[in-house]
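Have the sequence and the 3D view open as you read.

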Amino acid sequence: MKENRTIFHIDLDAFFASCEERENPQFLGMPIVVGADPKGGNGRGVVSTANYSARKFGIHSALPISRAWHLCPTAIFLPVNSTLYSRVSSSVMKILKSTAQKYNGKFAQVGIDEAYIVLEARSRTISNPSAAAVAKEIKQKIFKQEKVTASVGVGPNMLIAKIASDFQKPNGITVVNLKDVQKFLDPMSIRKLPGIGPKTEYDLKKFMVQTVEDLRKIPQSTLYDEFGQPGISLYESARGIDHRVVDEERETKSISEEHTFEHDTDSAQEILPIFFSLVKNVLNTTERGGYKNFKTVTIKIRYSNFKTHTKSKSGAYSTKDSDKIEKLALQLLWPFLNKKIRLIGFRVSGF
Ligand code: TTP
Ligand code: MG
């Protein structure tokens, strides 16, 4: 690991819900759930996010909205307002980019509410603020301008910075120095390592692995035999090793939006207006994110029986050609409109 780099991972707290709180001060302190319409507990679709008050009831992203309603029927349920979130996101990203420039660092946005900043030690010492001071400066600037809070993680590489930003959420700053990496990781559940989901967690149970320290005791060859190449990544992550470099300006991999219908439908009259609004929202978000060109357009469709299909087309596309992209998306979607549909989605990628 290079010791002369300091990597910051900035992630906004309960992002969609924080934007809603800011717009609706009357909801201050109340549980807020952003996502599909709960329809008194019979709604379909999922939670996009919930603020921290709602999380106390066990509500979280991707939970069925009906379940969220049953967990806290008195929460404020709000629909997704992509235009608002992409406006706040692009303003926050501008702040982060200019902070990176101020310290001669690199900036890469990796999602609607998260980004990395890489500072070389030398450039930071010119004006000599500590990593914690830079993290504080970032949080203050974001709050002053956009009235949403962020959590910042600082580490010697992207892996540690990412885990650190999550460590004291919400509104936290966690700085992990190179010498403290192992001490920081060891007691954590392996689920805190990016890429370890329920399946890998389950597979690791047979080795009695629960914490990062447990994982570190498994030989590399064993992990390779069990998982193949990803086993090597597990071995390295457990030691806080991450060789990735921040790829400036090119990190956002895709921008997408999905919609779950309130009832399964095969009516083009019902499907198409929603589909075109997804396309429009995604192109708006893409443009606001500063990505004028992209290579791939993908549609997604899920039938009543949950069978899910995607279809892509690659070429040279621009957010300016919205008519052309709408037509193309429709061509991709059309062959699938032969059965009742539960969900549709639209994605652009390859920026
Ligand atoms: P996250 O940063 O994963 O979550 P968050 O900002 O809501 O909460 P945290 O404080 O833990 O960072 O995602 C950013 C936004 O992306 C989130 O506000 C809503 C959206 N999102 C979804 O729509 N569906 C999902 O399943 C997830 C994980 C996020
Ligand atoms: Mg977030």
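## Ground rules

This is a predicted model, where local features need pLDDT of at least 70, side-chain atom pairs count only at pLDDT 80 or more, and totals for chains, interfaces and linings use all residues. Residues are numbered from 1 along each chain as its sequence is written, chains are lettered from A and ligands numbered from 1 in the order in which they are written, and side-chain values use heavy atoms, with hydrogens and water left out.

## Around ligand 1

Ligand 1 is surrounded by 13 residues, counting any with a heavy atom within 4 Å of it. The closest are Ala 14, Thr 49, Tyr 52, Arg 55 and Asp 113. By class, that shell holds 5 nonpolar, 3 polar and 5 charged residues (Ala, Val, Leu, Ile, Met, Phe, Trp, Tyr, Cys and Pro count as nonpolar; Asp, Glu, Lys and Arg as charged; the others, Gly among them, as polar).

Now for the oxygens of ligand 1. A polar side-chain atom of Thr 49 sits 2.5 Å from one oxygen atom, and a polar side-chain atom of Asp 11 lies 2.9 Å from an oxygen atom. Phe 16 uses a polar backbone atom, 3.0 Å from an oxygen atom of the ligand. On its own, ligand 1 has 550 Å² of accessible area, and the protein covers 68% of that (Shrake-Rupley method, 1.4 Å probe).

## Ala 268

Ala 268 lies in helix H13, residues 268-288 (helices are DSSP runs of H or I, at least four residues, numbered from the N terminus). Its C-alpha atom is 7.5 Å from that of Leu 337, 69 residues apart along the chain.

Note on methods: Helix = DSSP H or I, 4+ residues; strand = E, 2+ residues; numbered from the N terminus. Polar contact = N/O pair within 3.5 Å; in protein donor to acceptor, adjacent residues only side chain to side chain.
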